[in-house]
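Keep the model open as you read.

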Amino acid sequence: MEYFLELVFSGLTRGSIYALIALGYTMVYGIIGLINFAHGEIYMIGAFTALIIATVLNMYGLPLPAVLILAAIAAIVWSAAYGFTVERVAYRPLRGAPRLSPLISAIGMSIFLQNYVMLAQTPNFLPFPTLIPEPAFLEPIASMVGTTDLTILLVTTVVMVLLTLLIKFTRTGKAMRATSQDRTMAFLVGVNVDTVISITFVIGSSLAAIGGVLIASHIGQINFYIGFIAGIKAFTAAVLGGIGSIPGAVLGSFVLGLTESFATGYVSSAYEDVFAFSLLVLILIFRPAGLLGKASIEKV
Amino acid sequence: MNVITIKNFRNALVTALWFMFLTFPIMVIKVNTTENLIVWRWHNLLYVGATAFTASLLTALYRQYRDRKRSQQQQEEGTSRVSWNERFFNTPAIARPVCALGALFFLVFPLLFSTYQVNIMTTALMYVVLGLGLNIVVGVAGLLNLGYVAFYAVGAYTYALLNMHYGVGFWVALPLGGIMAALFGILLGFPVLRLRGDYLAIVTLGFGEIILLVLKNWSEFSQGPGGISNISRPGLFNIQLSMEATLNYQYYLTIAMVLLTIFVINRLQNSRIGRALFALREDEIACQAMGIDKTTIKLTAFALGATWAGLAGVFFAAKNAYINPDSFTFLESAMILCIVVLGGMGSILGVIIGALVLILLPEYLRAFSDYRMLAFGAILVSMMIFRPQGIVANIRQSYRSSKDGAP
Amino acid sequence: MAKSGKIFPVLASAALLVASVSPSFAAAPIKIGVAGAHSGDLASYGLPTLKGAELVVKDVNAKGGIKGELVELVLVDEQCKPEAAANVATKLVSDNVKAVIGHTCSGPTKAALPIYRDAGIVAISPSATTPELTQSGEYKYFFRTIASDDRQARTMTDFVLEKLAPKKIAILHDKGDYGLGLATYARKFIGESGKAEVVLFEGITVGQVDFSAVIQKIKRSGAEVVIFGGYHPEASKLVSQMRKKRLDAIFVSDDGAKDEAFIKVAGKDAEGVYATGPTDTTKNPLTIEYREKFKKAEGADPGSFFDNGIAATLAIINALDKAKSFTADDVATALRSEKVDTPFGEISFDEHGDPVGIGFNMFVVKDGQYVTAE
């Protein structure tokens, strides 16, 4: 039983890590129907920015809490700026182009950003400091779940709730929903579609930055390639939950994380991804729009 | 006239400042966390600013040029806009000699260039076959497949394993590889083809990953990450060939393969199945209403695409004489997809050009050494921006009724 | 085609111009290929070799080159992909290189070696460890400056069984060529000795963010020692997360983890971790010299297989210098007979192509440093 619980917690940890990245994917997909392959790279850039700024501030002798907060803010600001720029440069000129063209543009952007960071910084792994201290009162459960794991879990939940509120109750959220349902119609009723799309990219990229900082602190190291691997998994999770749906992305991530964890625990970690992708295929066969996605009924 | 207005100038300045801000942490600061050293590279900021400024001005100029051209075209009403490739194919006086010259060039290629050039040309031609195969699925039938490389792997491993265990030769394995890949295509296609658009894409991506993982992990079956070496190269009536002759022989085999592929796909596009596939891409529901069996047609497309990947896989294993799972990653699928989209979806000529460009480009970018892949990514993005429909837009066959009303 | 008629004369005259301008003493530089992963996800294992080779060649050229002729490096990137390796190998053959330093990974090396063998070119790899590359005897012109998997696994298991003497051992690997090869040999040797039981043998996914599930599994298996075959990024992730989950089994890893970066990343969790590697090189003047040169040029630490790359470059340049001619047979003979000073000390090569003179030891992290384990 204890083993089972341990596996549940490791699955939840992994799931919440996927979720932080998956949220950005699902938002962008929901609004312009594009698999944003460069999203993983934004996450990587967020982690790099945080590391660079933190090191610099540290050198100038700022106290640790201030360094932490400033580095996190810098990561968010620059990731959002990158997300915004990528959309302006690589996707906006392609509105109205054939459906697959933005996808190729996204793949190109992903390759470009990876190599840009590799050349400007380093191909090697850089150590990333542990940001979250381990208080003594959590020691009894430390063998099951760590403080960082709990923090990531908590942040994911908070972010999901805030995002849902934003989309449900604010004007911007309403404009986003309108744009995702019908871009032309939204434009006709006075929604500034370009701005809405930009805002979506900025929010999604900020989330990626938060993810970048927390996850890098969890794994303790970064290099230019971390975005790609995490990106594919996170995207899978977003699809599993029903792409375009915010709670869906989180649920999909948890399902994926738990599946991998149980596959490792009871079968073999060599085949964890096989189980993950097989589950994806199975779920999509029975629910073709994902767990929480609405099945679109096509009217003719 | 092209003029750079004050407004252009101001925009360029803003762009430059924005990019200088954007790239500041990554380009300017380099930290050495082990020794807490910081290197400030302020000169990089200057380069970024200058590049962004120039790029912005150039884009503005290009936009002016494009708009002017458009308004000119609008003035010349009545002359409908004909794409260059349509004009090209409709003018035999140009098309025939150019095609003949192209054919001649490929024929004498090994005589003119070094073995290295022949070798990468062979690789590029193999990607032409792969691209044409994926084109059936993506370009013609409109089914986005992100796991195409799985079928390529099936073909390659079919030959490699048969050759290792039973000494099966290339020519016997070639059809077997195709058949195996087609079987896998049907196996995957059957349950997932009712998925739409990007859901299908992600399932195929997952399938590709599953195949890759099985190849990596099931060492007893596939030799694992160590791979399979000493695969026999294609034989020519048991004649011993020198290294150079082998490469040339492989080159001509691949040319033959490309010609066969073009022939088959060309015939296919104009066949009943091809018409049905085009219809399917345009409107699934209308297509069903016309009485076309959606599932069968989709499965056919999937299996056909897979067959070509399998054949290319056998070629691949034979050419390299060594394979391991690293050749069949998702990036490879993405590359083949890029070939199809960049070349022009659904267009045979486009796919050929796309493959040659995308495979040969990184080879010739070697001069840029470190900046090779950076340039490749940038070129991919800019090609899409400037020609989103691909290098060669597909020409749909059109039929005109003659004036006297005869059909 | 009208255009090409104009282009050819232009090209020809340009070529003439270049030929006449280029300095006369460099009439025919000796070309050496450097092949490996210089971009892509494995670039961090290939680039240090490239930079190391460049540093060595700069020195050699400053001293007048080989037999009075300058050395020129031909850099080719294959991203550790076998098919790309076959292509770059033919490129190097076409470019008429006299020797090749590379490749980074074993798979591409296997794909490229037949081409070098047929063309009569010597290849020396700083990091390809698969045993059959040398032991199969198929590639007589192949050498390496790193221990083969079986030799390393032997050092590792001998130490673990004798000094640590656990009853239960868990073996993990990264599913890669290198890690899986090592893990497989380790399992074989432990099984043959009968002194301990392998309770877990699993592959982990490279780049995965969280390993807690597999760590809980190790915990349940009751293993006292965890042997990991793979590289330092995964090793440091594993050991940090093991300690976070309060699993204090002894962690033993390989050459791929015996890297400064491992200690830097794992921090205090690295203490007490064992790793095999070439006999202590930190006091070797050549190691110190080139590490400092690298830091001066790049402002960072060199990274994995840097010493191996330096050693490979020094060895091949020495052999080209001492060999009677540049034919592969003569160069190979020189590699086997002539001893050369490298960061690993004085080395030469045995008849298979494996290095002689590089000792292998077990190291342990003590106070943030790898020291020889007793």
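Predicted model: local features only at pLDDT ≥ 70, side-chain atom pairs only at ≥ 80, totals over all residues.

Residues are numbered from 1 along each chain as its sequence is written, while chains are lettered from A and ligands numbered from 1 in the order in which they are written.

**Where chain B meets chain A**

- On chain B, 45 residues are in contact with 51 residues of chain A. Contact means that the C-beta atoms of two residues, placed from the backbone, lie within 7 Å.
- Six elements of chain B each supply at least two residues of the side that touches chain A: α2 (24–28), β1 (29–32), α8 (170–192), α9 (197–217), α15 (330–343) and α17 (372–386). Helices (H or I, at least four residues) and strands (E, at least two) are DSSP runs, numbered from the N terminus.
- α9(B) gives the most to this side, with 10 residues.
- The side of chain B that touches chain A has 34 nonpolar, 6 polar and 5 charged residues. Here Ala, Val, Leu, Ile, Met, Phe, Trp, Tyr, Cys and Pro count as nonpolar, Asp, Glu, Lys and Arg as charged, and the others, Gly among them, as polar.

**Domains of chains B and C**

- Chain B has domain 1 (6–66) and domain 2 (88–386) in its domain assignment. Domain bounds come from an automatic or database domain assignment.
- The centres of these two domains of chain B, taken over C-alpha atoms, are 39 Å apart.
- Chain C is divided into domain 1 (29–147 + 284–359) and domain 2 (150–254). Their C-alpha centres lie 30 Å apart.
- Where the two domains of chain C touch, domain 1 gives 7 residues and domain 2 gives 6 residues. The domain 1 side of that contact has 3 nonpolar, 4 polar and no charged residues.

**The sheet in chain C**

- In chain C, 5 strands form an open sheet with parallel pairing, in the order β2-β1-β3-β4-β5. Two strands pair if DSSP finds at least two bridges between them.
- β2 (71–77) and β5 (142–144) of chain C stand at the edges, each with a single partner strand, so one side of each is left without a neighbour in the sheet.
- Neighbouring strands of this sheet are turned by 25° against each other on average, direction ignored.
- β1 (residues 30–36) of chain C pairs with β2(C) over 7 bridges, in the parallel sense. C:Ile30 stands opposite C:Val71 in β2(C).

**Two helix pairs**

- Helix α7 (residues 149–166) and helix α14 (residues 294–320) of chain B pack at about 45°, with their axes 6 Å apart. Axes are lines fitted to C-alpha atoms, for helices over the stretch in contact, and angles run from 0 to 180 degrees between N-to-C directions.
- α7(B) and α14(B) are therefore oblique to each other. Angles under 35 degrees count as roughly parallel, over 145 as roughly antiparallel, 65 to 115 as roughly perpendicular and the rest as oblique.
- The residues of the contact of α7(B) with α14(B) divide into 15 nonpolar, 4 polar and no charged.
- In chain A, the axes of helix α3 (residues 64–91) and helix α4 (residues 101–120) come within 10 Å and cross at roughly 130°. α3(A) and α4(A) are therefore oblique to each other.
- α3(A) brings A:Val86, A:Ala90 and A:Tyr91 to the contact, and α4(A) brings A:Pro102, A:Ser105, A:Ala106 and A:Met109.
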